[in-house]
Amino acid sequence: MAIFRAMIARKFSSATVRSLRVCVVGSGPAGFYTAEKMLKAHEGAEVDIIDRLPTPFGLVRSGVAPDHPETKIVTNQFSRVARNERCSFFGNVTLGSSISLYELRQIYNVVVLAYGAESDRVLGIPGEELNGVHSAREFVWWYNGHPDFSKLTPDLKSTDTAIVLGQGNVALDVARILLKPPTELAVTDIASHALAALKTSSIRKVYLVGRRGPVQAACTAKELREILAIKDLYVNIKETDLLTTSEEEEEMKNNRIRRRVFELLSKASSSAAPHPSSGQRELHFTFFRKPDKFLESDDRSGHVAGLQFEKTTLQGRDGSGNQIAAGTGQHEDLKCGLVLKSIGYTSIPVEDLPFNFPKGTVPNTEGRVLSSDFAKPDYGLYVCGWLKRGPTGIIATNLYDAEETVASISEDLEKGKLTSASIKPGREGLLQLLERRKVQVVTFSDWEKIDSEEKRLGSLKGKPREKLTTWKDLLEVTTK
């Protein structure tokens, strides 16, 4: 194939002697920051980024809310990295099926796993499998046009009430998308199928439910301020939930973010009308409740009709110093027809990779993957991002994470811990293997074709882009 011949020719025509072959698995922020830091730290490094999707940028494309375009500007920086003559992007390449981790390690001196978290934590309570119960990740990928979830059909018509489990930023994102006027979303890059569903949505009431209290709410002030600013929105917070203990007062003195979130919630509560007006959309912050079981509808077999919650109280602290929500034995039911679980993402292990299943991370020390017995580093194999630390932090957190991992790689190189580059084929070996397996590789130039087509389609509708949302459509554009 032409792509393979062109890539190999590019390799041999370069004047730079490239002695260090690096493969980064995953093209989200962790992957691109790692590539950028490697290119700067090692002038002889050749860095290849592979991703199972035909589109780069990971959660910047599929996770960041469509009404947050300013957050996506970082893709300009990542694009400059991909265009570096010593860097290549290869999409539609899946670790595990297109190529194994063992094979990658035979081809490259360094392999950095930065493929993030593509699954969800589960509650493990009765009824979790009912129709109408989705993870927030699935819902986010649906409205952001991820090709794996373009066919998802969340039922927004059969109920006026949705429950979002969790009170972090992702929970606030999905609640905001459900409550925001569709006319405001129509000028964003939201997927067309999602916009159409939201225009005919019957959802008028959203409950954001947390196990602990407002002092422990996991969202940031920015996200909270944004959802509270939705036009003509009735906000309900029980005054009794805002009562604080002396311990919580001390906690807020030492944590500016928590104090600001609490102040915003208190202000929203004190300024709210006593009751919603007719037809007004409603947002209910519900604290000190943990889900006990999902309730099945009597009228629609197999479909969720609500949740039973156990009331909680704060007792003691866990190993991380967080206050623990303990059940009180008192229960209450909340009716709904849609549930979105925003209780955390988790990563997926691959063959030949040590994995900590309770944490959903790869055991490592400063980014060095530990051997199967967790006793010592498996030199040459590294990790970055959510796979390294768990699904926490913001986009910029991955920058510091990448710096640490690249510093470990550099140290291991200096100490002679990595295999000699002369026996590693790198990009040439990867492309030859993928060609033998007839993998339709998507290069960064191919992605630019997708990018141009999406922007062209978006301009026809007054949107920044109209995302192509199926594997077929994405791959077809690259062949034109």
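Predicted model: local features only at pLDDT ≥ 70, side-chain atom pairs only at ≥ 80, totals over all residues.
**Loops, helices and salt bridges**

Student: Where is F288 found?

Tutor: F288 sits in the loop between β10 (281-286) and β11. Helices here are DSSP runs of H or I with at least four residues, strands are runs of E with at least two, and both are numbered from the N terminus.

Student: What about R368? Which strand?

Tutor: R368 lies in β17. R368 is buried, at 7% relative accessible area.

Student: What does the side chain of R368 contact?

Tutor: The side chain of S408, in a polar contact of 3.4 Å. A polar contact is a pair of N or O atoms within 3.5 Å; within protein, one must be able to donate a hydrogen and the other to accept it, and residues adjacent in sequence count only if both atoms are side-chain atoms.

Student: Where does Q216 lie?

Tutor: In the loop between β8 (205-209) and α10 (221-228). Q216 has 5% relative accessibility, so Q216 counts as buried. The side chain of Q216 makes a polar contact of 3.1 Å with the side chain of E248.

Student: New topic. How many salt bridges are in the whole structure?

Tutor: A search finds 44. A salt bridge is a side-chain nitrogen of Lys or Arg within 4 Å of a carboxyl oxygen of Asp or Glu.

Student: Why can charged side chains pair?

Tutor: Side chains of opposite charge can pair when their charged atoms come close.

Student: Which residue does R52 meet in a salt bridge?

Tutor: D148, at 2.4 Å from N to O. R52 lies in the loop between β2 (45-50) and α3 (59-62) and D148 in the loop between α6 (136-143) and β7 (161-165), so the pair ties together parts 96 residues apart in sequence. R52 is partly exposed at 21% relative accessible area, and D148 is partly exposed at 35%.

Student: Which residue forms a salt bridge with K467?

Tutor: D189, with the closest N and O atoms 4.0 Å apart. K467 is in the loop between α16 (444-459) and α17 (471-478) and D189 in the loop between α8 (182-185) and α9 (192-199), so this pair ties together parts 278 residues apart in sequence. K467 and D189 are both buried.

Student: Now helix α7. Why is α7 described as largely enclosed?

Tutor: Helix α7 (residues 169-179) has 9 of its 11 residues buried, so α7 is largely enclosed by the rest of the structure. Among the buried ones are L172, V174 and R176.

Student: Which residue does the side chain of R176 meet in a salt bridge?

Tutor: E223, at 3.3 Å from N to O. The pair links distant parts of the chain, with R176 in α7 and E223 in helix α10, 47 residues apart. Both R176 and E223 are buried.

Student: Which residues are linked in a network of salt bridges?

Tutor: D67, D173, R176, K180, E223 and E226.

Student: Last one. Where is Q330?

Tutor: In strand β13 (residues 323-335). Q330 is partly exposed, at 47% relative accessible area. Q330 and E310 are 20 residues apart in sequence, and 5.6 Å apart in space from C-alpha to C-alpha.

Definitions and conventions:
Residues numbered from 1 in each chain as written. Heavy atoms only, no water. Buried < 20%, exposed > 50% of the residue type's maximum accessible area, 1.4 Å probe, protein only.
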